[in-house]
Amino acid sequence: PPCFSGDDDLFVNPKALTDYLRRSPNASRFIHGNIQHASAVMRRGKYAVPRELYPLDYYPNFASGGGFIMPRQRLPALHRASLALPVFPLDDVYLGFLALLAQIPHRHDQAFKVWGIPKDELPAYREAISIHGVSLERMEEVWKQLEEPPKETWAWS
């Protein structure tokens, strides 16, 4: 079975997650998530990486740390890669380096929301696998709303 990883401000929808895995017969071959392609290296700010540490202008593909799925049987290959690569200050980028060395491809899916959604979009919470940047209070609100039976609408003819 696969492993799911994410930050502490991550809403995870177990139903959407299991539905996704059922629809993905080859799930064990990929790291799944919101895949960042040719992401520019930031040289200033919170996520700054000095050119001396990483001289290239773009990172290899990596799954955003907001939440991702990785195949459990590929963990030994990632471990072996970690023995060959020094630790990098950005954990999601580091996992991208490890995946590249371990030859584990990525699979992008927009159901992994890494930049949050507007507060009033409850249907998005039903469909998303994960949503990053959700406060504990908002998660509690969403779960209460998701547990409520849908309101019936009447069409009068």
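Here are some questions and answers about ring pairs, a sheet and a helix in this predicted model.

Me: What should I know before reading the numbers?
Reply: Residues are numbered from 1 along each chain as its sequence is written, and side-chain values use heavy atoms, with hydrogens and water left out. Since the model is predicted, local features need pLDDT of at least 70 and side-chain atom pairs count only at pLDDT 80 or more, while totals for chains, interfaces and linings use all residues.

Me: Is the ring pair of Tyr-54 and Phe-97 stacked, edge-to-face or tilted, and why?
Reply: Rings of Phe, Tyr and Trp (its six-membered ring) pair if their centres lie within 6.5 Å; planes under 30 degrees apart count as stacked, over 60 as edge-to-face and the rest as tilted. A search of the whole structure finds ten aromatic pairs. For Tyr-54 and Phe-97, the centres are 5.5 Å apart and the planes sit at 35°, so the pair is tilted.

Me: How many residues apart in sequence are the parts that this pair ties together?
Reply: Helices (H or I, at least four residues) and strands (E, at least two) are DSSP runs, numbered from the N terminus. Tyr-54 lies in the loop between β3 (31-36) and β4 (62-71), while Phe-97 is in helix α3 (residues 91-102), so the parts are 43 residues apart.

Me: Is Tyr-59 buried or exposed, and what is its relative accessible area?
Reply: Buried means under 20% relative accessible area, exposed over 50%, and partly exposed in between (1.4 Å probe, protein chains only). Tyr-59 is buried, and its value is 5%.

Me: Which residue in β7 stands opposite Phe-112?
Reply: Two bridges join β6 to strand β7 (residues 130-132), and these strands run parallel. Opposite Phe-112 stands Ser-130.

Me: How wide is the arc covered by the buried residues Ala-16, Leu-17 and Tyr-20 of α1?
Reply: In helix α1 (residues 14-23), Ala-16, Leu-17 and Tyr-20 are buried. The arc is that of the directions from the helix axis to the C-beta atoms. These residues are on the same side of α1, because their arc is only 100°.

Me: Which exposed residues does the other face of α1 carry?
Reply: The face turned away from the buried side of α1 carries Lys-15 and Arg-22.

Notes
Pairing = 2+ DSSP bridges.
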